[in-house]
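Take a look at the chain below.

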Amino acid sequence: MTVAAPSANGSSTSSRPAAPLPAQRPPSALEVIRSADRSDMETSANPPSAAAPQVLQAQPLGFSPEQLAALAAPLDRAKVRQREQGRSRVSYLEGWQVIAEANRIFGFDGWQRQTIAVRCVAQAERLIGRDQKPGWGVTYTARVRITVTAGGHTPLIREGTGAGHGIDADLGQAHESAIKEAETDAMKRALMTFGNPFGLALYDKQQREVTSSASPNERPTGQPRLSGPASQRQSTAAATAEPKGMDAGSPHQQDPGLLPLDATTISALHSTIRQLPRPLLEGLTQGFRKRFSIPEEAAPIADRINQKCHHDWIEAFLVSHREVRTADQHREVRTSDQQ
């Protein structure tokens, strides 16, 4: 690069090469420290005036206090389901329940689910049902990634692996059932790492974090109590106080239909239902789902029969259809006699 040298009368007469610019190098660590020290000294010597407020950098926030309280709360036993597995009963949460909890705690736009791997590991012909009809057995494994946004923090990523088994006379239906179950199982295992509302409490054999009352003011022993304003604590205590003249065992304090069934009664109901003719069994299943608002994609109704209201409804269904069947049998007898 050249620059023009001005003459005496102001005109450019000749040019000469410009001086080279000094090479730029990154500052050393010592220079950075000294520069920071000088900035601190200048700030302390010349504090900013009120007329020129500084822009404060927003600090990233994590989970809100309400979210932390929900994640630390014990698991409500009313949300727990049980199924027979081998010679024991297993407690679990249904997939829709886990999704509802994630929407409630994290927000509809605060978490994401991604299936990152799925694989069919087994497929074989087998006999299915009481009639031992030919069918298929299919098994899938899946891996699901859960991403949760907690305020301004880096998104939290958790992964889980699950398996699903599909048994059906139709091979396609068996595949569909297995892959859905595997994906749901993996999702639940990933969300479980966030706390009790997602089933972590069920991994404790004593289930010390499973309670019939999931109120944040009723914490199990050994868990911190989330304190709140005094007015809030007083209102909560007033709302949970028992009316005078009513003891804890009063039948007016709990709907009798919500009382849990014992294992013997549940087993007897299952045995009775399994002996029903197929048309009557399908009618009972559809009626039970409609009466208790059970979606079609949910687990079989056998896992839902756990309260007295379920027992009473099934008994009434069987009695009404037994009367219909008896009347039909009488008509058939009269018809055969007339012939």
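Among contacts between residues at least 6 apart in sequence, what percentage join residues at least 24 apart? In this chain, the share is 57%.

Keep in mind that this is a predicted model. How far does the predictor trust it? The chain averages a pLDDT of 74. Of its residues, 63% score at least 70. Confidence is highest in strand β7, residues 133-148, with a mean of 96. It is lowest in helix α5, residues 230-240, where the mean is 40. Over residues 50-59 the pLDDT is below 50. Beyond near neighbours in sequence, that stretch has one contact in the model. Residues 214-253 also stay under 50. For them, the model has 26 contacts beyond four places in sequence.

Now count the parts. The chain has eight helices and nine strands. Its length is 339 residues, and 26% of them count as buried. The chain exposes about 23,700 Å². Carbon and sulfur atoms supply 54% of that area.

Next, the cysteines. How many disulfides does the structure hold? The number is zero. Cys-120 is partly exposed, at a relative accessible area of 32%. Cys-309 is partly exposed as well, at 22%.

Now zoom in on helix α3, residues 95-106. This helix has twelve residues. From its first C-alpha to its last, α3 reaches 16 Å. That is close to the 16 Å expected at 1.5 Å a residue.

Which residues of α3 are buried? They are Gly-95, Gln-97, Val-98, Glu-101, Ala-102, Ile-105 and Phe-106. Look down the axis of α3: these buried residues fall within an arc of 160°, so they line one face of the helix. An α-helix has 3.6 residues a turn, so residues three or four places apart point the same way.

Finally, step past the end of the helix. Just after α3 comes Gly-107. This glycine takes a positive phi of about 100°.

Methods
Residues numbered from 1 in each chain as written. Predicted model: local features only at pLDDT ≥ 70, side-chain atom pairs only at ≥ 80, totals over all residues. Heavy atoms only, no water. pLDDT = per-residue confidence, 0-100. Helix = DSSP H or I, 4+ residues; strand = E, 2+ residues; numbered from the N terminus. Contact = heavy atoms within 4.5 Å. Disulfide = S-S within 2.5 Å. Buried < 20%, exposed > 50% of the residue type's maximum accessible area, 1.4 Å probe, protein only. Areas by Shrake-Rupley, 256 points an atom, 1.4 Å probe, with all protein chains shown as cover. Expected span 1.5 Å × (residues − 1). Arc of directions from axis to C-beta.
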